[in-house]
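Dear colleague,

Please find below the sequence and structure that I am handing over to you. A short account of what was found follows.

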Amino acid sequence: MADQEESAPATVGETEEPQTEPQDPAEGKAEAEQTDTEEPAQPAEAPAAEDGAETKAEAADGTEQQQEEPATEQPTEQPADTAAEQPAETAAAEETAAEQTAESTAEPADTTTAEETTEEPPAPEEEAKERKVQEPTPTPEPGQIPTAPTPSRENISMATVPTAEIHHVDPHAVSPVPLATSADATATVKFVLMPSGHVTTLACALSQNMLQLKDHFSVELRMPAELILITLNGKKIPDSTTLGELGVGPNATIQLEISSADPVNTPIKSIRPKPEYVMPDILTVRVPQDDGKLQDVVVEIERPTRRKPYLGGYRHKLSGVEYHHASAQTMGRTTSVSDVQKFCRDTQTVFQKNRVQQTTNHTSTQMTKVGCYVSNMQDKLLLPGQYQSAEEYHKIRLEAVIVLQAYFRRWQAKNIVQRLREDKARHLEWERQEEIRKKREKEQRIRKEFERRMNPKTKEDFDLLYAALEKWRQEELAFIDENYSGAERKARLCALLDQETQLISAIDRHKIDAAKENKEKSIQHFLDQAAGPKKWRAFDGKVTEMDTPYTQRARELRDIYNSINMKYLTQDERLDVLLTLKHTVKEHNCKLTQEIIELIDREADLLMRGVKDSNMEGLRKRISTLFLQYIKTPTFNAEAARLLKVPQDPMSLRKNIYFCPSCGNYKPSMEFPMSSNTRLVGKCRKCQKLDNDARQRQDFSIYRTMLKQLRRSEEAYNDESRIAFLLQEADLQYLVENVWNSQSILSAWDDLYDLVLVRWDKTEEWSPWNCILLTKEEASAHKVLDDLEEQYGPVFIHKAQHKHTLARNYFARLPGMAQYMREKLAASKQKGPSVMGHRMAQTTA
């Protein structure tokens, strides 16, 4: 660093001569002689280093001029003979500055004036003596031109330069008081790039004017200098104004704003993002003196102009980031070339080899001559063809390329058309299959509905019958009111009442038959469940079954019950069955078993007497009923305890028991249907069904199907949706009929069997205010949409939101009910302490 650093500009009040120490006395003399004969050379502009290095430039009249000194460093004031070769304005300005410096520095004994400095450079011996006393000053290398200070960037700081501080031999000597500010002194200028607000700090000489700064920033910002405006506190600064004229002192700081005269077409951009840490251009160091006082020394940081050498590195395989080895901040010291001639000798281990290389392909030509015959049987006769220019050749190739492109594009177009035809054929076939499927489903639904009306078995089938009966009655009543009046109308109404009565009695007969059949099925289902083995699924998907003593007992009782109810048995077979039943129930002695045994003995006696089977149907029915009661008793059949609806603990009956005002009975809460807007318990399910069959005769089967589809689709989301499972058939009926008008909001399709309720926003939980009624095909397309605002128009979205508002007003209690269900489920999942742990806790307490 010491052998390549630039000299620091001297400030006002410095009286020391720059000291240099040549490497050789002879060499120093030669360089001193060369100094007298050389003319001042115009310095070239210092290139901006790639790593952000900066140099200093001095500007007196807008141009940079330097004095070439191979051995010594000239002071800031130029010699008289050099100044004479410069322009008159510059020479006059420098002479005035030299006179002021001479007047201000005439008192110290160990200083010289600017005129004496220009007459004769100091001898090398005197310089060596003075160097021992004074502080060393960095000098440029021999042959290097000291460059003037130029504006430097703030974001790189890797080297230092000597300060302008004066150090004398005598520590008690009084420093001269500066009378005027030197034009070569530097100051820190902060440039704010408007409007981005990016701040760039430069160390500039006080003699630099605004035009030079504009030229510098035109290169950095890559824009013309005429479009750059430099302002101070909002006022434009003329180009000829220097920093000294603005009132800036040495080592002071000032802030200027830089803006563009044409911000629309040529805006100012940031030069470079500021690093995490930027070393300032000026540092203040506090140095203790001999008398114990502290002295503040201003240290100016100089940026190196050299480029950092590449010392190798490595690259990260995953991220691809390259890391380079770094060198020390101090630049290496260059060694001069020695004049002593040196020789080198090869080592003894080195040996040389000479190898001759020649290709293995030997060729030769031979012509027919005397004594040599060469056959010409395979020779070819070549005739020159027609000359073809480059334009003709390229034209032929272009025509061939056009032909190839035409055929290729024809082939490509045929493929595209063929694909479109295939897609159209597939789409038409799909539409045809869908139409056939819909027609088949509708026919199956109508056939199934007709079968349910002809052979009703379940409660839903009878609700369908009563709904059809009410629909027929309303149509007949409207026809009578429209076509008849007076006595004839009354007669028609009486006939209609008789027909309705007959139909109701027919429905009741079907209901009685269905009740018998359903009762037998329910009994058989109960016995099969009690006798079934325990099942669970393992981790590999296999189902494991296990029989317990309780299931074996239940299976034995089921087989006996089925044997008792079998018909067309012989007398011996019937007696064998009765004997088995008697031995089974004799294990327990109670009133029920005694009655069963008494009935078994009575039937056995009648069988021995030859009584007909038709005369013993009542007796056998009593035995079957009592034995079924025996099976359902948990004392005799332990598996029946988990299948009975009535709890075995009487204390549990006190909980969740409500009174039905219609039938006057107390029933558990599961017997009372609760809708979303219900505030009272109301009637039980049985009373509501009886009231529906007598007056309203509504069929909720379609809404029950829609509710099952809705719950199945919500389970597929697996996002803990709760509101869909709180709705009942009546709530869904209100939502479909009153809110969505029983039709699709898109196509107005009114067949309820083809309509489904899906989420409006699939990212949120389903609720009456987050749903939409569509057909199955429309629902499939709606689920694929990501942005509803882009796919649907604002009118449609407003219509859907209006429906959601109506639903929210009606189903206002559902969110609270869902929150209650979540809290209750979370509380049930928390496991309490075991009995042993509870006992241990009590003992510890």
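Asn 233 lies in the loop that runs between β3 (228-232) and β4 (235-236). Please bear in mind that the model is a predicted one. Although Asn 233 is not a glycine, its phi is positive, at about 60°. Is Asn 233 buried or exposed? With a relative accessibility of 68%, Asn 233 counts as exposed, because the cut-off for that class is over 50%.

A positive phi also occurs at Ser 742, with a value of about 55°, and this residue is not a glycine either. Ser 742 is placed in the loop between α16 (729-739) and β14 (755-759).

A further backbone feature concerns a proline. The peptide bond joining Met 194 and Pro 195 is cis, with omega at about 5°. Pro 195 belongs to the loop between β1 (186-193) and β2 (198-205).

The remaining findings concern helix α10, which comprises 16 residues, 549-564. From its first C-alpha to its last, α10 reaches 23 Å, close to the expected 22 Å. Which residues of α10 are buried? They are Thr 551, Arg 553, Ala 554, Leu 557, Arg 558, Ile 560, Tyr 561 and Ile 564. In general, an α-helix has 3.6 residues a turn, so residues three or four places apart point the same way. The cover over the buried residues of α10 includes the helices α9 (487-531), α11 (571-585) and α13 (617-631), together with the strand β10 (534-537).

With kind regards

Key:
Residues numbered from 1 in each chain as written. Predicted model: local features only at pLDDT ≥ 70, side-chain atom pairs only at ≥ 80, totals over all residues. Heavy atoms only, no water. Helix = DSSP H or I, 4+ residues; strand = E, 2+ residues; numbered from the N terminus. Expected span 1.5 Å × (residues − 1). Buried < 20%, exposed > 50% of the residue type's maximum accessible area, 1.4 Å probe, protein only. Contact = heavy atoms within 4.5 Å.
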